[in-house]
Amino acid sequence: MAARATWKGFLKISLVNIPIKVFPATESSGSIAFNQLHCECQTRIQQKRWCAHCNREVPNSEIVKGYEFEKGRYVIMSEDDFDKVRPESTRVIDLVQFADAAAIDPMYVDRTYYLAPDGGMAADAFAVMRDGMQGKVGIGKLALYGREYLVAVRPHERGIVMHTLHHAAEIRSIDAVEELNSVPAKVKPEEMKLARQVIQTFEQPLDLSSYKDEYREGLQRIIDAKIAGEEIVTTMAEAPPKVVNLMDALKKSLDSVSVGKKKTAKATTERPAAAKRKRA
């Protein structure tokens, strides 16, 4: 099924305005959704807005937004207050800076969208700017639905992708993780050498499409079995052994990988030989 555009506007680079359509690059349909039910009658649970002080349910007309500036003390914000700083939706992705594509830290990426030309007239300009941005990323802002987004735009295969980004103030400092204070600044050279050897044995070209959501598939099998009234049989997962000696664990890792490769190589050489004997 063809993708449907969720937004139309313009990609603005200096004096160049390209009519574009925006398509979500990801989908949440891959996850399995569940409803909360009352176990006795299997009726869906309703969530109500409840005021503990007044001891009653509160309708939407009585709900306001408040900012807690001290413990238990709030300043009330009205819609007029929000309107004073709410940017107008301009339908323009205005790129104001370009940088190397590697300059974007993945931690800042929030959501990803595909951009495509809106109409045949825009296709040529779209292709020119896509090729002109090779190796680069454009940074800009997008005012949409009453709020402002920081975005990054970069070429991708035949098209262009747009990432909405977190602002720097939204990224929590790694210094807030106190447990990292116990991590040593230097490691033993012999341990690092073995660790790199173990890592190198697992290196291969990356293909994320080869990884499946095994948790989702397992849930789906259980759901299908329950619907069909079949017995569900599961295997208990073994707990990984605790690492007592790092050097021993690294050496055992290398030995296990080495043995695995030898078995694979032996099986590969034995198959043609068996086929040759069979033909004879």
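This is a predicted model: local features need pLDDT of at least 70, side-chain atom pairs count only at pLDDT 80 or more; totals for chains, interfaces and linings use all residues.

Colleague: What makes Arg 86 and Asp 83 a salt bridge?

Modeller: The cut-off is 4 Å between a side-chain nitrogen and a carboxyl oxygen. The closest N and O atoms of Arg 86 and Asp 83 are 2.5 Å apart, so the pair qualifies.

Colleague: Which residues form a network with shared partners?

Modeller: Salt bridges join Glu 79, Asp 83 and Arg 86 into one network.

Colleague: How do you know that Lys 136 and Asp 100 link distant parts of the chain?

Modeller: Their closest N and O atoms are 2.7 Å apart, in a salt bridge. Lys 136 sits in strand S9 and Asp 100 in strand S7, 36 residues apart.

Colleague: Why does the pair Glu 148 and Lys 141 count as a salt bridge?

Modeller: Their N to O distance is 3.6 Å. The limit is 4 Å, so the pair counts. By this rule the count comes to eight salt bridges.

Colleague: Now the largest pocket. What is its make-up by class?

Modeller: Its volume is about 230 Å³. Its lining has eight nonpolar, two polar and two charged residues. Trp 7, Leu 142 and Met 162 are among the lining residues, and they count as nonpolar because Trp, Leu and Met belong to that class. Asp 110 and Arg 111 also line the pocket; Asp and Arg count as charged.

Colleague: Which strand gives the largest share of that lining?

Modeller: Strand S8, with three residues.

Technical notes:
Residues are numbered from 1 along each chain as its sequence is written. Side-chain values use heavy atoms; hydrogens and water are left out. On a 1 Å grid over the protein atoms alone, a cavity is a set of points where a 1.4 Å probe fits but cannot get out, and a pocket is an open set with protein on both sides within 12 Å along at least five of seven lines; lining residues have an atom within 4 Å of a point. Grid points are joined across faces, edges and corners, and a volume is the space filled by probe spheres set on the points. Helices (H or I, at least four residues) and strands (E, at least two) are DSSP runs, numbered from the N terminus.
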